[in-house]
Amino acid sequence: MLSHLECARCGREHDANAVQNLCHECASPLLARYDLTRVNRPTAENSLWRYRDVLPVRDPDPAFSLGEGMTPLVPLPSISRALDATVLMKDESLIPTGSFKARGAAVGVARARELGIEGIKMPTNGNAGAAWALYAARAGLRSVIAMPEDAPLITREEVEASGAELRIVPGTIADAGKAIADVDLFDASTLREPYRIEGKKTMGYEIVEQLGWRVPDVIIYPTGGGVGLIGIHKALGEMRELGWITGKLPRLVAVQSTGCAPIVKAFDEGREESAFWDGAYTDAFGINVPKPLGDFIILRAIRETNGTAIAVTDEQIAHDRAETARLEGTFLCPEGAATISAVRALRANGWLNAQDEVVVLNTGAGIKYPAVRL
C-alpha cells in the first residue's frame, strides 16, 4: 500500500497525499514507496491493475481501464539464431494507444484524478503525449501537450482527436517543455510527477511473472527519458524485498542512438549525471532526449545491476527493424529495433554470451512511424 514519497537524490520523505512534482529540498524526482508488509500476490485481472497493491491509486476504478498491461513475452527464435543469442521480446505494441506510454498514463492520470487535479500539461516526443491526452479525456481532465514538429504525425493526430490543446514547436523535447511554461496546470513531464514510473514498472513485474517468477539474465531498454528502465529496476527491488525473487538482478542495458547518447557518454566517462547533448537527432524519435531529468537514477540502476549503456547507429536500427520483420513477422518501432541492434553489438564485443537469456523491450507499434523508412 502507498506509504509516502521519497526523493531519489536526498532521500527526504514527502506526503503521498499532497499534490507535488519534485522534492522541495533539492528539486529532484520523487519515488513512491509502499508498505510492503501489506502487499498480496497479483490478482487475476488481465491488466497492470493485477499489481494494485504496489500501485499508488488507492481505489482503482475498473471502468477507467482500457486493458493496459499484460502484454506478451515472445520468443524470437530466428533473430536468436541470426545473432547467436537467446532473445525474448516484451511486446508493448499491443497495448492501448500502441505504445508502453499507456502504462504511465493510465496510472498517472488515475492518480491525478484521485488527487483532485483538474488538468495536466506535458512536453512529449509523441507517444507519451498521445497516451496522456487520451487517458485525460477518459478521466474528464483538461490537457495541454507540446511536441517537436518532427514528432510522428500519428501521435499528433491522437492528441488532436482527444480534444487536448496541442502546441507544435521546432527543436527537441527540451524546446517543447519551454513552450508550455506559461500553462498553469499540473506538470506531468517525465519524472516531474511520481506516478508515471509506477505504471511503467509493471513491465518488470510482468516479465518476472511470465517467466515463472524468475528473472532473465539481461533486460535491454531503449532509453530516452529512461522512466521504463528506472521503473523496471524499482519493480525488481520491490519483488526482491517481498521475497518473490531471489539472487542476482538482471543486468540492465540502456540503448541509445549515436545521434543522441547522453547516458552512454556519461556511463563511459564514469559520471553520475549526463551533459546536455547538442544537436540531438535520431529516427528513433522516442529516445531523442538530450538530457533526461532522471539521468542519475538511470546510471545508478545500470551500475547497481552490473549493466551497461550502448549507442547504435540509425542505419543499424533500420537494418535490424527490417530484418526482424522479415525473420519474425514482427514490425518493431524504431526504438524497439534499437534493442535488437544492441544485442548484435553486445554479442560482437563479448559483453553478452550466447547462453544469456535476454529480454528486449519493443516499446511501441511500428505502424505508428510511417515516415521512418526501412
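P29 has a relative accessibility of 0%, so it counts as buried; the cut-off for that label is under 20%. Keep in mind that this is a predicted model.

Where does P29 sit? It is in the loop between strand 2 (13-14) and strand 3 (30-34). Setting aside neighbours within four places in sequence, P29 is in contact with E6, C7, A8, L22, L191, L293, F296 and I297.

Now for the nonpolar cores. The largest one has 56 residues, and the members touching the most others are Y205, L236 and M239. Helix 8 (residues 227-242) is the top contributor, giving 8 residues to this core. Apart from that, a second, separate core has 34 residues, including M122, W132, F186 and A188.

| Core | Residues in core | Some members |
|---|---|---|
| Largest nonpolar core | 56 residues | Y205, L236, M239 |
| Second, separate core | 34 residues | M122, W132, F186, A188 |

Back to M239: if you ignore residues up to four places away in sequence, M239 touches G204, Y205, V208, W213, W244 and I245.

How many residues of helix 8 are buried? The count is 13 of 16, so helix 8 is largely enclosed by the rest of the structure. From first C-alpha to last, helix 8 reaches 22 Å, close to the 22 Å expected for its 16 residues at 1.5 Å a residue.

Note on methods: Residues are numbered from 1 along each chain as its sequence is written. This is a predicted model: local features need pLDDT of at least 70, side-chain atom pairs count only at pLDDT 80 or more; totals for chains, interfaces and linings use all residues. Side-chain values use heavy atoms; hydrogens and water are left out. A nonpolar core is a set of buried Ala, Val, Leu, Ile, Met, Phe, Trp, Tyr and Cys residues joined through side-chain atoms within 4.5 Å. Buried means under 20% relative accessible area, exposed over 50%, partly exposed in between (1.4 Å probe, protein chains only). Helices (H or I, at least four residues) and strands (E, at least two) are DSSP runs, numbered from the N terminus. Contact means heavy atoms within 4.5 Å. The expected span of a helix is 1.5 Å times one less than its number of residues.
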